[in-house]
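I opened my notebook to record what I looked up in this structure. The entries follow the order in which I checked things.

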Amino acid sequence: MAMLTGKLVRLRAVEPTDFESIWRWSHDAEVVRWMSGGYPESFVQARERLAAAPRNNYENCRFIIEALDDQRAVGFVRLRDAKPETGNAELDIQLGEKDVWGRGFATEAMRLMCGYGFHEMRLHRITLDVAAENTAARRVYEKVGFVEEGRLRECFRHDGKWHDMIIMGLLEGELRG
C-alpha cells in the first residue's frame with residue numbers, strides 16, 4: 001500500500017522506531033484523558049507486545065500519523081474489527097503531540113483513513129465511540145461527517161466519575177471534505 005498523504009499529514013505503517021513516541025503518548029495524562037486505560041505494563045512488555053503485533057490486515061489496519069512539515073510522528077489511527085461480511089469497522093485515533101492539537105491534523109488523518117476504509121477496504125460503515133464530555137473530538141468527528149447514533153449511559157469511569165459514551169457512525173458516501 002502506498003502511503004496516504006494529505007496537505008498536513010501522511011499515514012504510514014508503524015515502524016519499530018515509533019515505539020518510544022507511542023509509549024510517551026500513552027503515559028501523558030492529557031493525551032489519554034478520555035481513553036480507556038488497560039492494565040499497567042512495563043516499557044519492555046509494551047515493546048514486546050508492539051513487536052509481536054500482526055502486520056496490517058483487513059481486520060486491523062493501523063498507521064502512524066506523520067506531520068508533513070517535519071516528518072515527525074504525531075499520532076496514530078486505526079481501523080479495527082473490520083468484517084468483510086458486514087462491511088463494518090471501528091475507528092480509533094490518538095493525536096499524541098499536543099503542539100499539533102487544533103491545527104487540523106486529526107481531521108485530515110480521519111478523512112484519509114475513512115477514505116481508505118471506504119475505497120480500498122470496501123467498507124460500508126465506520127463507527128467510533130467518544131466520551132460525551134470530549135467536545136473537541138466530537139467536533140472533529142462531526143466535521144468529517146460522523147453522526148451521533150446512540151449513547152451508552154455512565155459506562156466510562158474517569159477521575160472517579162462516571163461518563164456517558166456517544167456512539168457515532170459514518171456511512172459510505174457521507175465522508176465530508
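**Entry 1: the whole chain**

I began with contacts between residues at least 6 apart in sequence, and 60% of them join residues at least 24 apart. I kept in mind that this is a predicted model.

Next I looked up the elements. The chain has four helices and eight strands. Along the sequence I read the pattern β-β-α-α-β-β-β-α-β-α-β-β. The radius of gyration is 16 Å, close to the 16 Å from the globule rule for 177 residues, so the chain is as compact as a globular protein of that length.

I then looked up the box that the C-alpha atoms fill. Along the principal axes it is roughly 45 × 40 × 35 Å. Of the 177 residues, 44% are buried. The accessible surface of the chain is about 10,200 Å². Carbon and sulfur atoms hold 50% of that surface.

In what order do the eight strands of the open sheet lie? I found 1-2-3-4-5-6-8-7, with mixed pairing. The edge strands are strand 1 (4–5) and strand 7 (147–158), and each of them pairs on one side only.

I followed the pairing from strand 1. A hairpin of three residues joins strand 1 to strand 2. These two strands pair in the antiparallel sense, over two bridges. I looked up Leu4 and found that its bridge partner in strand 2 is Leu11.

Strand 2 covers residues 9–13. Strand 2 also runs antiparallel to strand 3, and five bridges join them. Here I noted Arg10, whose bridge partner in strand 3 is Glu66. Is strand 2 mostly covered or mostly open? Mostly covered: four of its five residues are buried.

I looked up helix 3 (residues 105–119). It lies across strand 1, strand 2, strand 3 (60–67), strand 4 (73–83), strand 5 (88–95), strand 6 (125–131) and strand 8 (161–171). Helix 3 runs at about 155° to strand 5.

Then I turned to helix 4 (residues 135–144). Helix 4 lies across strand 5, strand 6, strand 7 and strand 8. Its angle to strand 6 is about 160°.

**Entry 2: the cores**

I first wrote down a general point. In soluble globular proteins, nonpolar side chains tend to be buried together.

Which members of the largest nonpolar core touch the most other members? This core has 39 residues, and the answer is Leu11, Ile65, Leu91, Ile93, Met110, Tyr141 and Phe146. The elements giving two or more residues to the core are strand 2, strand 3, strand 4, strand 5, helix 3, strand 6, helix 4 and strand 8. Helix 3 gives the largest share, nine residues.

I followed Leu50, which lies in helix 2 (residues 43–52). Which residues does Leu50 touch, not counting those up to four places away in sequence? I found Val14, Phe19, Ile22 and Arg62. Leu50 and Phe19 are 31 residues apart along the chain. Their C-alpha atoms are separated by 7.6 Å.

**Entry 3: two positive phi angles**

Last, I looked up two residues with a positive phi. Asp81 has a phi of about 55°, although it is not a glycine. I found Asp81 in strand 4.

Arg122 has a positive phi of about 60°, and it is not a glycine either. Arg122 lies in the loop between helix 3 and strand 6. At 71% relative accessibility, Arg122 counts as exposed, because the cut-off for exposed is over 50%.

Note on methods:
Residues numbered from 1 in each chain as written. Predicted model: local features only at pLDDT ≥ 70, side-chain atom pairs only at ≥ 80, totals over all residues. Heavy atoms only, no water. Pairing = 2+ DSSP bridges. Contact = heavy atoms within 4.5 Å. Axes fitted to C-alpha atoms, helices over the stretch in contact; angles between N-to-C directions. Core = buried A, V, L, I, M, F, W, Y, C linked by side-chain atoms within 4.5 Å. Buried < 20%, exposed > 50% of the residue type's maximum accessible area, 1.4 Å probe, protein only. Rg over C-alpha atoms; globule rule 2.2 N^0.38 Å. Areas by Shrake-Rupley, 256 points an atom, 1.4 Å probe, with all protein chains shown as cover.
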